Amino acid sequence: MHADEPHRRGEEDEDGGVYPAFSTLCERHGLRATPQRAAVYRELRGSADHPSAETIFRRVRRRLPNVSFDTVNRTLLTFASVGAAAVVEGFGDSRRFDPDTHNHHRLVCVKCRAIRDVRYPPYDDLPVPPELTRDFEVLGKRVVLQGLCPLCRQGPQRG
Ligand SMILES: [Zn+2]
């Protein structure tokens, strides 16, 4: 990340939004609704920057100063295991999380590791090589574009 400015998605209200309300999520998956989990869910859901567990931890700690990194990390993995978060694959560094579990594509800056979602229907319609579909069931497709973000293209890093 270039700056510490949070990359927020719009806050959805508890009932209507893109993501299920925390209570609904817990009920659906038999999770205990702890304040820590609620805070992690809230932060993740409000993040458009594919944060790492460390980043979520720093944000949650502002509200819950006593929360431990381990709790935050385990909570994120729990959300991932019930399908409430996606793990961004293909990074050698920290595991990154995405609140959007629907199929979409990504743009990755190879320098600062900024990740943005890409929605482009032609990518969804990419054909799968027929020889693969004979014995392999394709459940999803993801295009990952790699390059330099506008800030990294400008040369020397600022701030
Ligand atoms: Zn960059």
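I started with the largest nonpolar core, which has 15 residues; Val 40, Leu 44, Ile 56, Val 72 and Leu 76 touch the most other members. A nonpolar core here is a set of buried Ala, Val, Leu, Ile, Met, Phe, Trp, Tyr and Cys residues joined through C-beta atoms within 7 Å. I noted the burial rule too: a residue is buried if 20 or more other C-beta atoms lie within 10 Å of its own, exposed if 12 or fewer, and partly exposed in between, with C-beta atoms placed from the backbone. In soluble globular proteins, nonpolar side chains tend to be buried together.

**Ground rules.** The model is predicted, so I kept to its limits: local features need pLDDT of at least 70, side-chain atom pairs count only at pLDDT 80 or more, and totals for chains, interfaces and linings use all residues. Residues are numbered from 1 along each chain as its sequence is written.

**Overview.** I looked up the secondary structure and found seven helices and five strands in the protein chain. Helices (H or I, at least four residues) and strands (E, at least two) are DSSP runs, numbered from the N terminus. The order along the sequence is α-α-α-α-β-β-β-β-α-α-β-α. The protein chain has 159 residues, and 18% of them are buried. I also looked at contacts between residues at least 6 apart in sequence: 53% join residues at least 24 apart. Contact means that the C-beta atoms of two residues, placed from the backbone, lie within 7 Å.

**α2 against α4.** I took helix α2 (residues 35–45) and helix α4 (residues 69–81) first. They pack at an angle of about 70 degrees, with their axes 10 Å apart. Axes are lines fitted to C-alpha atoms, for helices over the stretch in contact, and angles run from 0 to 180 degrees between N-to-C directions. α2 and α4 are therefore roughly perpendicular to each other. The bands are under 35 degrees for roughly parallel, over 145 for roughly antiparallel, 65 to 115 for roughly perpendicular, and oblique for the rest. Which residues meet? Gln 36, Arg 37, Val 40, Tyr 41 and Leu 44 in α2 meet Thr 71, Val 72, Thr 75, Leu 76 and Phe 79 in α4. By class, this contact of α2 with α4 has six nonpolar, three polar and one charged residues. The classes are these: Ala, Val, Leu, Ile, Met, Phe, Trp, Tyr, Cys and Pro are nonpolar, Asp, Glu, Lys and Arg are charged, and the others, Gly among them, are polar.

**α2 against α3.** Next I checked α2 and α3, which pack at about 125 degrees with axes 9 Å apart. α2 and α3 are therefore oblique to each other. Ala 39, Val 40, Glu 43 and Leu 44 in α2 meet Ile 56, Arg 59, Val 60 and Arg 63 in α3. I recorded five nonpolar, no polar and three charged residues for the contact of α2 with α3.

**α3 against α4.** The axes of α3 and α4 come within 9 Å and cross at roughly 120 degrees. α3 and α4 are therefore oblique to each other. Here Ala 53, Ile 56, Phe 57 and Val 60 in α3 meet Phe 69, Val 72, Asn 73 and Leu 76 in α4. The contact of α3 with α4 has seven nonpolar, one polar and no charged residues.

**Single residues.** I returned to Val 40. Beyond its neighbours within four places in sequence, Val 40 is in contact with Ile 56, Val 60, Val 72, Thr 75 and Leu 76.

Is Phe 57 buried or exposed? Phe 57 is buried, with 21 other C-beta atoms within 10 Å. Not counting residues up to four places away in sequence, Phe 57 touches Phe 69 and Val 72.

**Buried sets.** In α3, I listed Ala 53, Thr 55, Ile 56, Phe 57 and Val 60 as buried. The buried residues of α3 pack against α2 and α4. Those of α2 pack against α1 (22–29), α3, α4 and β2 (96–98).

**Positive phi.** Most residues other than glycine have a negative phi. I looked for exceptions. His 50 has a phi near 50 degrees, and His 50 is found in the loop between α2 and α3. His 50 counts as buried, with 24 C-beta neighbours inside 10 Å. Arg 113 has a phi near 70 degrees and lies in the loop between β3 (105–109) and β4 (115–118). Arg 113 is partly exposed, with 17 other C-beta atoms within 10 Å.
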